[in-house]
Amino acid sequence: MSDIPLAEEQLLRSRQLVSPGVWAGFLATLRRDTIIAFRHRGEMMNPLVFFLMVITMVPLGISPERIILATLAPGMIWVVALLATLLSLDSLFRSDFEDGTLEQLLMSPQPLYFQVLAKVAVHWLVTGLPLTLMAPLLGVMLSLPAAGFVPLCYTLLLGTASLSLIGAIGAALTVALRKGGLLLSLVIMPLYVPVLIFGASAVNNGIEGFPIGGQLAVLGAFLAMAIVLAPMAAAGALRIGING
Amino acid sequence: MAWQWFHRLGSPRWFYEKTGPWMPWLAVLSAVLLISGAVWGLAFAPADMKQGNSYRIIYIHVPAAFLALAGYYIMAISGAIGLIWKMKLADMVMKSAAPIGAVLTFVALVTGAIWGKPTWGTWWVWDARITSMLILFFLYLGVIALQEAYQHQDTANKASAILALVGTVNIPIIYKSVDWWYTLHQPATIKFTSESTIHPSMLYPLLTMVIGFYCFYALVLLLRTRSEVLEREKKTRWVQDLARQG
Amino acid sequence: MNPHLLELKQLHCERDERVLFTGLDLHINAGDVVQVEGPNGCGKTTLLRLLTTTSSDYRGEILWQGQALRRARLDYLNQLLYVGHLPGVKKALSPRENLNWFTGMYQGHQRCSIEAALEQVGLFGFEDVPCFQLSAGQLRRVALARLFLTPARVWILDEPFTAIDKQGVANLEALMAEHASGGGCVLLTTHQDMQRAATVRKLNLNDYKPVATAAEFTTPAEER
């Protein structure tokens, strides 16, 4: 072969290419998805509006009695936050799959783990974080006792991040399925049980004047585990799901 | 040597031919165990001091609940083997194990509810075990639903294997958190089934039933996997020869 | 001797118990333009999926510069550019933002500026127009602009000429020839006649279809 120098040069160049880059790739996807999310501001509002509407249904369906609402409030807010997250998860990878950027992502030299992490981070920024910020307002609507507001925000802040991460696995598993939305909820909701239990009980504890450090620690541990494991599972699921 | 054996095991044909002779033995064994365990437990074991005869449903409830959980792990492990070693047989085992596990979980739930009626006076109680069982049932349903949603068999198997594995990591956490949730809400409940205090005369028939259920589970799993093998390999010569021999 | 750029050895692929192709041997060297042919459903797309590593359901070997693809994966992906059926362009973003993402993913290593690449594909003045305002052909051109940016040696193009006008097709063919003569290689599928057909090697997947009886009577089990 005549092109030995060329091959060597290519090899050298590729070695240089392999080493840095993971952070740059992470940032590239983070930036791209953030821009897209803000261009689709309307879609960003949808989970929040859903959150608000369902919470409005509670007094209408049960009773406007303050005492009853106050006992329901922590659990209701948590359950609805969970549902709102689930609804917004369906499009996490679906739009990328439909326009072909997902296959470009899969065959880029970037580790898929960090790419998934970047996408989930954006998802949390545009759903989990706004839900957390909006929760106190809903607390007022459901006459949540004053001691419950701070625990509610802390637990939602930690918990919604876990919800986004775990949900990403479901979104990846159903990415190629046309009607994946409902299936995604079926598949993922059982996995949300621990987050719901600890999140809602921390708020209840706070209302009753007990310390909530234990529950927050558990939620934090759960989040740490989800950060390590969930993107890995989602990455594996994407490689499989794309061939659906 | 061990690896060769492992790969031979991965061959559906080898599996089909090897497990064929086991089937009658397994069938007889599980029938004997189940019948003797049931007769022993229902007719000869003494009645419970507090619950009278209604406790006897544990002879179905407990083995079913045992296997429902064990079945999830069997499913997840075979799914993992299928993912890692690309072994088709493992995929088939996983696919067959999912509905069996779901049915057992359902049996455990229904018997739990029936047991709850005389014990608590209501069909449904948000007891920690029953709630965990219900969530396990949901996990099974998720795996089955995902399996059904894909058209390509390979993709379906791999996707549900990943889901089963994720569930495996989560099950202990779910069980622990449900336990914790239960103690939080009902601190003073009488526990009827603390296994440590069960009298040997009640325990032995229970153990017989548990072993019988395991044998029966193995039998049904093998049957389902064998028919899956035939279905998937129907175009191959050995299956067609088999069909010709009738 | 230098190993081939890409080498397929006895590649065997089946999907849902149906063998798509078997015993496929192929060497691709620097300077090759290879066109994959065959009727619909013969496994063209599946072959491209294997070569773009989006699927790894195969038996046999794929070697990248003499190393198994599974080991040299990252090195290979750095040298791979794929343009598929789908443009891989986000409609909410402008062409510039799309290509920014692309170069970010490949660690900013590029042959020319994004503006120059867009000018090459005739999108001068469209750099900052949101892509949902572009036509199908223009979207395709945004995807093709990557060919000017990338230093990748292996180009895999799935139906690159769809929705492209005559002049565009001629330009693209010239670009592929130039890339090949510069030490790269191109693997493509197309249903259109190519003007430079003489320089193109053909790979007909029908030649690697299993013989009917063999397909029926070999089982994966027996081959293990």
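Ser201(A) sits in helix α10 (residues 193-208) of chain A, where helices (H or I, at least four residues) and strands (E, at least two) are DSSP runs numbered from the N terminus. With a relative accessibility of 5%, Ser201(A) counts as buried; buried means under 20% relative accessible area, exposed over 50%, and partly exposed in between (1.4 Å probe, protein chains only). Apart from neighbours within four places in sequence, Ser201(A) is in contact (heavy atoms within 4.5 Å) with Gln215(A), Trp180(B) and Leu184(B). The model is a predicted one, in which local features need pLDDT of at least 70 and side-chain atom pairs count only at pLDDT 80 or more, while totals for chains, interfaces and linings use all residues. Residues are numbered from 1 along each chain as its sequence is written, chains are lettered from A and ligands numbered from 1 in the order in which they are written, and side-chain values use heavy atoms, with hydrogens and water left out.

Turning to the interface of chains A and C, 40 residues of chain A are in contact with 37 residues of chain C. The two chains bury about 3,700 Å² between them, 57% of it on carbon and sulfur atoms; buried area is the accessible area (1.4 Å probe) that two parts lose on being put together, summed over both. Three salt bridges are found across this interface, a salt bridge being a side-chain nitrogen of Lys or Arg within 4 Å of a carboxyl oxygen of Asp or Glu. Asp99(A) pairs in this way with Lys90(C), with 3.1 Å between the closest N and O atoms. On the side of chain A that touches chain C, two or more residues each come from α1 (4-18), α2 (22-39), α5 (91-99) and α6 (101-106) of chain A, and α1(A) gives the most, with nine residues. Asp99(A) and Lys90(C) also belong to a network of salt bridges that links them with Arg32(A), Asp33(A), Asp96(A) and Lys119(A).

Over all chains, the count comes to 20 salt bridges. One of them joins Glu228(B) and Lys95(B) (3.3 Å, N to O). Glu228(B) lies in helix α8 (residues 200-232) of chain B and Lys95(B) in helix α5 (residues 88-120) of chain B, so this pair ties together parts 133 residues apart in sequence. Glu228(B) is buried, at 13% relative accessible area, whereas Lys95(B) is partly exposed, at 22%. Another salt bridge brings together Asp57(C) and Lys158(B) (3.2 Å, N to O). This pair crosses between chains, from the loop between α1 (44-51) and β4 of chain C, which holds Asp57(C), to helix α7 (residues 153-185) of chain B, which holds Lys158(B).

Within chain C, Lys202(C) and Glu37(C) meet in a salt bridge (3.6 Å, N to O). Lys202(C) is in strand β9 (residues 201-204) and Glu37(C) in strand β3 (residues 33-37) of chain C, 165 residues apart. Helix α3 (residues 95-105) of chain C has nine of its eleven residues buried, so this helix is largely enclosed by the rest of the structure. Among the buried residues of α3(C) are Leu99(C), Trp101(C), Phe102(C) and Met105(C).

The backbone of chain C deserves a look too. Most residues other than glycine have a negative phi. Glu159(C), however, has a positive phi of about 50° although it is not a glycine, and lies in the loop between β7 (154-158) and α7 (166-181) of chain C.
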